[in-house]
Structures are given as C-alpha cells and as structure tokens.
Amino acid sequence: MPFRPRTAVSGAILAAAVLLCPTAAAARPAAAPAPPGWSASPAPGAGAVPRAQFFYLEGAPGTVLADRLSLSNPTGRTVAVRLRGSGAGAWLTLASKEVRIPPRTRASVPFTVTVPRDAVPGDRSGALLATGRTGGRAAVPLHLRVTGPVLSALTVEKVSVRGEGGSAVIRYTLVNRGNTVLRPRIAVRADGLFGPVLRRAARTLPSALAPGRAVDLTETWHGPPALDAVEVRLTATAAGGAHGAATASYTAVPWGVLAAPALLLAVGAGGLVAVRRRRRGAGPGGARGEQAAQGADGGARPSGGDAADVAAELAGTGSGARG
C-alpha cells in the first residue's frame, strides 16, 4: 500500500485533537449563571444620558425629592417585579409596588423620597429592591444627603467615684447633644491635696454615639490613694469641636483613721459615767455635800445631762467641805 503524506498528516492532527480535547474542556471556565432575564437601574437622564448604577439625592429636611427606576425585560415573556425600599429607602414612596413588564419592553417607575422635618443633616444610605415573582433579585443603591447646619455637641454627666476593694470605679454618662454621629474620646485625670494622682490620656471609645443618644460608661482606677481628698475630672471630645467635661470628689480615708476618734470618744464617755456613779455612791458625806450644795443654791437643782450632773456634784462637794 503506497504511503500517502496527506493522509498521515490528517491522522496525526486528528489524534492530537482527541488527546487535547479533555484538557481544553477542563481549562474552559464554567458557564456563568443565567441572569433573571430582567434588570433594574436608575432611569436615563435628559436626552437618554446613561447614569451611574446608583441613585444620589440631596435635600434639606422637609423636602420631597423625585426620581425614576428603570426596569428592562429583554425576554419573550412578561415579568412581574415587586418593589420596596430599605435603609434610607424607608422614606421612599413608589408609584407602584408591583410592576408587570411586557416582553422586550422597558418600564419607568417614578418614586419620591420625603426627607422628615426632624431629619439630622448628614449622609444616609439605602437601596431600592426589586424582586421577580418567578425568580431574580436586584438592588439599586440609594445615597441621600440631608443638607443643613451641622452641630457637634457632647456632654459628660452623672460622674461618681466609689472605692471597690483595692480599686476605685469612676461612673459617668456621655450624651450626644448635637445632630451628627460622634466617636467620642475620653481623658481622665485626678488631683489630690499634694498633686496629681492619675493621668489617663484621651482614647477613642469603641462605639459611635448617635444624635440624642446617651451611654453609661465606667473607668476602673487601680491603686487609688489610701488617704487623700481627690477631684476626678473627665473630659470628652469629638470631631467638629464637640467638648464636654465634668468632675466628682473622692475622699479616701482608711478605716483605722476613722475608728481612732470614735474609740477615744467612747473611752472618754465611759470614764465620765464612771466618775458620776462613784460620786453618787460616796455615802453620808456625799449626801451632806449634796444638801450643802442645795442650800447654797437656794433650792433644788434641776436635772441635766450626765456631764452637767458630774460638774454640779463636784461643785457641791467643794461647798460641803468648806461648811
């Protein structure tokens, strides 16, 4: 059988194709999941100018902002889509909450965003959500800026200091009195009779503080002085010039220092009572002394406290001795 170069070459190519096909199939990327068949996006601007794939609205409190959502259905069947807002989209009112889009048609759905009159100036975020009844879901981001004067204000309130074991606990309340979200920084210092006893540098608190909100916090002070009169000062700051401060007094006195005067007072009172009882039990001499004292006073002596009685009895005894 004669050798045919063309046949040999064709066979080699065919064999190579058979060997390479599995590798090529493995290298081919997996097919992307099929789209829902419809899409949602901001409606084109004037002159059908394309827009970014999100809504951006801006207005002062009390204003009503308007825009349109575009729903496109390139398929050959009618699509039903339900609409709702989330986040800042909660202020959103749709012309229709469910839209039926005919095949190969684009629908435009008007909506408004009403900014509450008490809305705090600043940025808000949300989304306009579209869900197909037969499948598919789309979310179009919504960015809203509420305009108006921005006020940053912060106060420190209800500061107290209490010893607990070998430490002291500083309790206080931070209140956001402004209309912006704050991330407060708190610094703590304490000064005693003989100078500073605590210096704690400002640090940022772990969570933000929303307008009008208050949070109760504590600071643990390890190793406070055992005998001192201290003034504790807390200072809070935040972006935008927010600043607040408050103080509280803390007196540290060991138990022994308090017990000693009480013990001396008790000993003195006990001695006074003992002297009084001893004078009353002195016998006839004591009785004559009392009679002499009554004669000198010109009558009966009114009764008083223990100390007054002892003093009077001592004076009466002296008068009896002179008689």
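**Aromatic pairs and nonpolar cores**

The structure holds 2 aromatic pairs, a pair being two rings of Phe, Tyr or Trp (its six-membered ring) whose centres lie within 6.5 Å, with planes under 30 degrees apart counted as stacked, over 60 as edge-to-face and the rest as tilted. In one of these, the ring centres of Phe55 and Phe111 are 5.0 Å apart and the planes stand at 85°, so the pair is edge-to-face. Because Phe55 belongs to strand β2 and Phe111 to strand β7, the pair ties together parts that are 56 residues apart in sequence.

This is a predicted model, in which local features need pLDDT of at least 70 and side-chain atom pairs count only at pLDDT 80 or more, while totals for chains, interfaces and linings use all residues. Residues are numbered from 1 along each chain as its sequence is written, and side-chain values use heavy atoms, leaving out hydrogens and water.

Buried means under 20% relative accessible area, exposed over 50%, and partly exposed in between (1.4 Å probe, protein chains only). Not counting residues up to four places away in sequence, Phe55 touches Pro42, Asp67, Arg68, Leu69, Phe111, Leu128, Val140, Pro141, Leu142 and His143, where contact means heavy atoms within 4.5 Å. The C-alpha atoms of Phe55 and Gly126 are separated by 9.6 Å, although these residues are 71 apart along the chain.

In soluble globular proteins, nonpolar side chains tend to be buried together. A nonpolar core is a set of buried Ala, Val, Leu, Ile, Met, Phe, Trp, Tyr and Cys residues joined through side-chain atoms within 4.5 Å. The largest one here has 28 residues, of which Ala40, Leu69, Leu71, Val81, Leu83, Phe111 and Leu128 touch the most other members. Strands β2 (55-59), β3 (64-73), β4 (79-87), β5 (92-94), β6 (98-101), β7 (105-114), β8 (122-132) and β9 (137-146) each supply at least two residues of this core. The most come from β9, which gives 5 residues. Apart from this core lies another, of 26 residues, including Val159, Val161, Val232 and Ala248.

The protein as a whole has 4 helices and 16 strands; helices (H or I, at least four residues) and strands (E, at least two) are DSSP runs, numbered from the N terminus. Of its 323 residues, 30% count as buried. Among contacts between residues at least 6 apart in sequence, 65% join residues at least 24 apart.
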